[in-house]
Structures are given as structure tokens and as C-alpha cells.
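Please keep the sequence and the structure in view while reading.

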Amino acid sequence: MTDRSADILPVNQSIGGVSDQLTGIPLHFPAERRWLIAMLFASLLLLLFLVSVVELFTRGVGIWGINIPVNWAFAIHNYVWWLGIGHAGTLISALLLLTQSEWRNSLNRFAETMTLFAVVCAGIYPVLHLGRPWYLYWMFPYPATMEVWPQFRSPLEWDIWAVLTYLTVSLAFWYTGLIPDLAAARDRATKRGWQIFFGITSLGWRGSAAHWLRWSQAYRLTAGLAVPLVVSVHSEVSLLFAAGQIPGWHSTIFPPYFVLGAAFSGFAVVSIIAISLRSWFGLNNLVTDDHLDLLGMVLLATGLMTAYGYVFEVFDALYSGDAHELQTLTDRLTGAYAWTYWGAIAFNFIPLQALWWRSVRRTGWSLMLISIAVAIGMWLERYMILVTSLYRDFLVSSWSKFTPTFWDWSTYFGTIGLFLVPFLIAIRVIPLISIFETEELLHAEEEETHG
Amino acid sequence: MADHAYGMLAEFDSPETLKTAVRKAREAGYRRLDAFTPFPVEGLERLLRLPRPNISWVGLIGGLVGGSVALLMQCYVNYDFPINVGGRPLYAISAFAVVMFELTILFSALSMIGVMLWQNGLPRLNHPLFGARRFHLASKDRFFLCIGAADGEFDEDRTSTFLRQVGASSVELVPR
């Protein structure tokens, strides 16, 4: 990848110019009107979320379409979907940092920001699904007067540790990478309010060589930890399913299948955000067509790996010869919810094939449409995994159906607001592309051309 | 002499001129050197003779502590409140692995970042260098070298002349 990254950014731009351009986005916000319109839309969705949650807490989870046996539906389905989207942010910033793929430098900041808020949206779902969310603290080991402890041999207990660790480490990693850029914004700020805001958040960073040395070591090592963390978190999520005995869930293919699907959906959402931000803020000099090309390739690669997971899931069921596994397979392919299975395949893998063409990868709108298709396709896949396994399990007497209600949908669309509102605030107040890493890359490229 | 000054701050246009200046300052006998750059400059730490940071050891210890805490916590919880689940073992190491792994990473990452900030003396609200006229460019596209006033060789006039000779585009005395 080194020969490619040698000229990923156009070299006809100065280091100082890039710094001014990127600090200028929070300090002299260029797209006030478009931002306000987006914010209005996002706030309405957030309001919908709040209304749905108040309704939920007042009347209970019965307002959703869940029942016995389909006791896990939208809540866990969207939890897995959001968490998967979040994983791409960590993979872009941590994995590509370690492999020294410099093209990440234009994408990692907003991808990490996306991770943070996607994990928040994911994490809120199991809490809402608890039924009695005010007992959430029962998940933590504290010396209770009832003398009971949480059960650590259950995947449901692992879940809260995995998600909270992931959220905390993502936040710490994001902030550590942000400190030098906050200092750059502080030094460019002219208004008193911004000077105080960036002065405090940049923690007094002054770019000392000794500081950079320790910072680099801590940052790289944290990146090294974040990569296995992503894999462990989504594997753990898949164990919520695979450790159960329900046909269609009880399979060793689940951990890699989930992790790859997560990366697939996440890279799709990163592409959507990259294309939107680039046209919003005129960042074509930093998020170039080469970046879209690489994102398209990663999307294609992770998509094909996910497709392999589909093939092996079918093989697994056939090879087991288990009557219930075969029944679930038939239900998926031809049952009442077959539209989710074929929908997932159609949205995930058919438009994806266009990415074999270079011109499709390098064109903003085509990559955008394919990415949207993937986000929908992965959403259908999570729906399929949840509902087709649960609605018909071992006993015919317990078979039932699941139909999402208005409140299912409103909570789901509400979480999109829960994601967009803080994300829009973040791109308004922090440098949305890493300034010092861009400068470092530009300097290295200039060296190469002149020296 | 050195009582009222923090040091002499020199500005350079590129990392290369900064590195040359650092090398010459070392040769001239200056020892209290610090450089300020908008991005990490490779090779600068060798010229400044900075010690290798020990963050990796902190991370290792943090990880070991995190893993042990998780293991002990899960064992104790099952000891104090034993539930027989279909005859499966109470101390099920394979079931404890997930939380152990998560806490290993959590403790390791947070301890490294925390120690990095602590060793760097951050956060701090002010620093004498922030009073320097052109120091705000250290986060943009200028590269600074500061010779501390506590240095044995430090002399306002001689140090200032020396820094101009090695190619500084501006030199400024930073008050304490």
C-alpha cells in the first residue's frame, strides 16, 4: 500500500493552508444553513426517540411487537446493526494506523466520531429492552443487600462489559488523537469563547518533542489494543446468539460471520459520511477520489467475505443434518420471512458487484447508493437472523409471528436522530479531519517529490 | 541572569532546518533543549537524546492487573453466590475469558493514556511558552527550538546570536 499512499493527497497544497482550512471549519463554520436544516431534521428524529422512550417507560415493552417466542426483535436486531456500524470506525483508525496505510488520515476522525455515537445508539437498546430499565445497575457486581451477584457464566452479562469497555476505549482513543488538533484550533481561535473551549479541551498541549514521543507510543499501543477489542466485542455479541440452543443460532460460524458483517456495514456508513462531508465542506482536496476508490475496494472485500459467511451458514445447516436446523433453513429461504433473507442478499450483494469497476468506486453518488443499499441489506440480515430463528423453534405449540408495531419503528428511526444530533454537533465544534496527521503526510509527500 | 527568563525560543521553517539546529546546539554544548512541532518529526528524539518512553511497560502492567481483577472478581462472585447450572463447573474459566479479555484491554488502554498525560505534565492551563509572540504557529507550520535558561551555557546575547547563526527565522526571549 506504500506506493499508492505516496501520493494520496495532492501535493500542491501547503501545510499551513490545510491547517487553516481544517481549523476554519469549526471556527468559521462554512455551511451554516445546510447544517441548520440537517440539525432540524435530526432533532425531529431525536424528539421522536424521546417520545417513544417515554411511551415505552410508561407502558412497558408490550408496546413493541415482541412476544413469546419472538422475545428478541427490533431491540437486539438494531443493537447488533448499530454496533456493527461502529466497528468500522475503530478498524479504519486503529488497524490502518498499524499497517501504516496513510490514506486513513483523511477518514479516521469522523469515522471514530461515528463509532462513538453508533455505540451509544447500540448500547441504549438492551437498556430499553430490559423492561424495567431502572434495574440496570443489577448488571454490575456490587455488594447488594439481597446478597446476590450477577451471573458471569451468561453471555448476557458479558455483553455489558464488552460494550462499556468498547465505548470507554473508543472515547479515550478518539480523544487522545484529538488533543493535538484541539491545540491547533486553540491557536487559530480569535473569539474568546472558542479560545476558552479549545484551551481547556486541548489540555495545554504544546507539541513538545518529548510529549510527541510518549503520545505516539501510547496512541499506537492503544490502536494495537483496539483491533482485537473490535473482534472480541462483536464475537461476544454473536455469542449472545450462538451460546443459545435455538436452531439457526447455535453455530460456530457466528463470531467471524458477525465481525465481517459488522465491518461490511460499517465501511458502507463510513463511505456515506465521507461522501456527504466532502461535498458539504468542499474537502475534495483531502478526501480524494483515491480515498473513495480504496473505500470501495474495502467494501467489496468485506462484502465478499460476508457472502462467504452466508454460504457457510447454509452449508452448516445442511452438514449438521439436524431436523430443526434444516427446518429453520427452509423457513429462511421460503417461510413467512423469506423476504428478509432474499432482501438481504439482494441489497447486500447485487449492487455491490458494480464496485468491481474502478469508475463506479471513484464516483461519489454511485458509491453512495451502493453503501445505502448495504446499510439496508445488513439491517435486513440482522432482522432475518433474529426473527426467522425465533418464530419457529423446537415445539410447534410455541410457534408464533412477529410484526413490528408503530413504536418499534419510531424507536428505530429515533435512534437515527440520537446518532445524528451529537454527530452534527461534533462536526460543528471539532476538526473533523485529523490536522496533524494530514500535515505529516503532506510533509512526507513533499519530501518525496523534492528530495 | 537566568532568573527572569524561561528560555530562548527560535523559529524554523522546516523540520530539516530544525534538526540541523538541534545538532549544532548539541555540539555547541547546550543540553536543556526542547523542540516544538506541529506533528511528530522522525529522528528528532535521537538528536535531542530523549529517553525511550516506558508507556509499553505501563500498558503491560495495566493489562495484567485488569485481567487479574476480572478473574478474581468472577471467581469470588461464583464462590459467594454459587448457582448450579446443570452441573456445570462454578469456576468456568472459558466463560470468564470474555470479561477477562475486556478488562485487560480497558485497564491497559486507560493506564497508558493516563500515564502518558501524567508524564507529559498535562493537563495544565498555562505555560511560559504560550506567552511567546509567535509560538501559536507551533501547531500550524513552524518548528521551534527552545534553549532553557537553566542551561549552563545559556547567555541571552550569545544564545540569541547562536540561534540566528544556525538559521532561525526569528528568535525571542521567553519570560518565565
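The model is predicted. Chain B is divided into domain 1 (5–52 + 129–175) and domain 2 (55–119), and its contact with chain A takes 52 residues from chain B and 48 residues from chain A.

**Domains of chain B**

- The C-alpha centres of domain 1 of chain B and domain 2 of chain B are 45 Å apart.

**The sheet of chain B**

- An open sheet in chain B is formed by four strands in the order E2-E3-E1-E4, with antiparallel pairing.
- The edges are taken by E2 and strand E4 (170–175) of chain B; each has a single partner strand, so one side of each is left without a neighbour in the sheet.
- On average, neighbouring strands of this sheet are turned by 25 degrees against each other, direction ignored.
- E2(B) and strand E3 (residues 143–148) of chain B run antiparallel and are joined by four bridges.
- Along this pairing, B:Ala35 stands opposite B:Leu145 in E3(B), and B:Leu33 stands opposite B:Ile147 in E3(B).
- E1(B) and E3(B) also run antiparallel, joined by six bridges.
- E3(B) is mostly covered, with five of its six residues buried.

**The contact between chain B and chain A**

- The contact takes 52 residues from chain B and 48 residues from chain A.
- On the side of chain B that touches chain A, the elements that give two or more residues are strand E2 (33–36), helix H2 (44–47), helix H3 (55–80) and helix H4 (93–119) of chain B.
- H4(B) gives the most to this side of chain B, with 15 residues.
- Sorted by class, the side of chain B that touches chain A has 34 nonpolar, eleven polar and seven charged residues.

**Helix H2 of chain A**

- Helix H2 (residues 15–27) of chain A has 13 residues, which should span 18 Å at 1.5 Å a residue; the end C-alpha atoms of H2(A) are 18 Å apart, and the two values therefore agree.
- The buried residues of H2(A) are A:Ile15, A:Val18, A:Ser19, A:Gln21, A:Leu22, A:Thr23, A:Ile25 and A:Pro26.
- The cover over these buried residues of H2(A) includes helix H6 (155–188), helix H9 (254–281), helix H15 (406–429) and helix H16 (435–450) of chain A.

**Helix H3 of chain A**

- Helix H3 (residues 32–59) of chain A has 28 residues and reaches 40 Å from its first C-alpha to its last, close to the 40 Å expected at 1.5 Å a residue.
- The buried residues of H3(A) are A:Ala42, A:Leu46, A:Leu48, A:Phe49, A:Ser52 and A:Leu56.
- These buried residues of H3(A) pack against helix H5 (108–129) and H15 of chain A.
- A:Gly60 follows H3(A) and has a positive phi, near 95 degrees.

Notes:
Residues numbered from 1 in each chain as written. Chains lettered and ligands numbered in written order. Predicted model: local features only at pLDDT ≥ 70, side-chain atom pairs only at ≥ 80, totals over all residues. Contact = placed C-beta atoms within 7 Å. Nonpolar A, V, L, I, M, F, W, Y, C, P; charged D, E, K, R; others polar. Expected span 1.5 Å × (residues − 1). Buried ≥ 20, exposed ≤ 12 C-beta atoms within 10 Å, placed from the backbone. Domains from an automatic or database assignment. Pairing = 2+ DSSP bridges. Axes fitted to C-alpha atoms, helices over the stretch in contact; angles between N-to-C directions.
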